[in-house]
Amino acid sequence: MTRQHDPEDLDPTAVAREGSARSATRPDAVEAAVSAADDDARTVADRVNDPERIRGLITAYRQEHAVPDGPAAGTRAARAGGSRELDLVVRGRRILTTAGIVAREIGVRDGTVVAIEPLGAGLPARTLVELADDEVLLPGLVDTHVHINEPGRTTWEGFASATRAAAAGGVTTLVDMPLNSIPATVNAPALEYKRLFADGQVFVDVGFWGGAVPGNAPHLRALHDDGVFGFKCFLLHSGVDEFPHLEADELEQDLAVLRSFDSLMIVHAEDSRAIDRAPHPRGDVYASFLASRPRGAESLAIAEVIERARWTGAKAHLLHLSSSDALPMIATAKRDGVDLTVETCPHYLTLLAEEVPDGATAFKCCPPVREASNREALWDGLLDGTIDFVVSDHSPSTLDLKDLENGDFGVAWGGISSLQLGLSLIWTEARKRGVGLERVVDWMATRPAKRVGLRSKGSIALGHDADLAVFAPDDAFVVDAGKLHHKNPITPYQGRALSGRVRRTYLRGEAVDLDGTPHGRLLRRGEA
Ligand SMILES: [Zn+2]
């Protein structure tokens, strides 16, 4: 039985619901149906992501929106003229530079930090900003794990809403994931098509990941040349049929391809077989969902990634580490010289499985939020450097897909919305542990920028983009999902009291106006 989806008529909501459920389904339920479904999934992917089909969509989009031919760059020409006057000077007692938190004046011209002087130097500027005594100037955060979902699932999230949320949370650069949008970003036309939608809509700078799926190895080089920051793959059902997962041997083949042009493979590491054999999640009790995503599934897949990276010499990155069980083997691999980095997310560092209320599907994500002891071990891994950085994995859906009425963890879409809250979440938890703001910013700005090759982002330094966040670390607030800027008003942090608030954000020296014109750029690897 092979169903033929017409991509034009594809109902993304139905596809996602089906995928989300099946990704945690036991094989003994209907083994034949699963393999038929796999064939079907491949068909959906091939048709939805067909380059010829997408070229037709691009032509139609350009005609309909009167967009001229040529790449959608989202760039502005640098301002002409070599005026000596600075455009912006920020003065403050607490400015986080590469020398730590110090009293400084930061001078900005044409979007770039061109002066860092001791406070009192009196740098002249067209616009002068004096920080209040309770404010710290931070580099804008760099969030390399965001699902924007446009085009195709724009009801879940979109470029305007996601980048507003980012800016409000002090994130000035994000990198968009290749899946959940339709088409998936698995070939050059799909990237071009996505850029058409993003162009002119982004309030912060946005880069793109490509996708590695079965059969698209011939497209990887072109995507790389078009400026993606690396490639994402899954080792189990991704949740959407148009983004099929790789088997371990396919992962290795793609790693070898990526190695040939020094690109980075980022991996959702849960083992398909281990998830298939685990109990099926049912009902509104979180423990049932947790049991369906065992730690061993992460351990198996991570071991596979480590060895394939070792064998090929390619660069690999583990996404959203949830299980602390994997920390020792990650530490060993790094000691061995495997080119491996690891991220975790605010939800794994702040939430606890023991505290998830019945039916609270806002907390559902894959891999799952685990127990208190696991959370503590993840903090240890972060502090000792086994875990490299912290990014949101902001992965929203519509409220409908969260199955709020029944609160069934087996049915609800897995993904947590948190883009605007990351800094406050991590800062709230860090200060309780006596961890300074410098380390938090290192995890959330400097290190992710470095790993993806964003040389002018992630710190306040001469020659860097003047991407800045004015942060009040002692402000407190209570999360109200309805007041967050991301599209669908749901978050597991609803009602939570947090420390630290972003008061203003600057993108390349300009204050971001969430009600004004978006000035973000679409980034290409190597150009920022
Ligand atoms: Zn994700």
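Two residues are in contact if their C-beta atoms, placed from the backbone, lie within 7 Å. The structure discussed here is a predicted model. Setting aside neighbours within four places in sequence, Met444 is in contact with Leu141, Phe389, Val390, Gly422, Leu423 and Ile426.

Met444 also belongs to the largest nonpolar core, which has 147 residues. Met444, Met265 and Val267 are the residues with the most contacts inside this core. Helix 15, residues 437-452, gives the most to the core, with eight residues. In soluble globular proteins, nonpolar side chains tend to be buried together.

Next comes the sheet. Strands of a sheet pair through backbone hydrogen bonds, either parallel or antiparallel. Here six strands form an open sheet with parallel pairing, in the order 9-10-11-12-13-14. The edge strands, each pairing on one side only, are strand 9 (210-211) and strand 14 (389-390). Phe389 and Val390, two of the contacts of Met444, are the residues of edge strand 14. Gly210 stands opposite Phe231 of strand 10.

Leu258 is found in helix 7, residues 248-260. Is Leu258 buried or exposed? Leu258 has 24 other C-beta atoms within 10 Å, and a residue needs 20 or more to count as buried, so Leu258 is buried. The C-alpha atoms of Leu258 and Ala217 are separated by 9.3 Å, and these two residues are 41 residues apart along the chain.

Terms used: Residues are numbered from 1 along each chain as its sequence is written. This is a predicted model: local features need pLDDT of at least 70, side-chain atom pairs count only at pLDDT 80 or more; totals for chains, interfaces and linings use all residues. Two strands pair if DSSP finds at least two bridges between them. Helices (H or I, at least four residues) and strands (E, at least two) are DSSP runs, numbered from the N terminus. A nonpolar core is a set of buried Ala, Val, Leu, Ile, Met, Phe, Trp, Tyr and Cys residues joined through C-beta atoms within 7 Å. A residue is buried if 20 or more other C-beta atoms lie within 10 Å of its own, exposed if 12 or fewer, and partly exposed in between; C-beta atoms are placed from the backbone.
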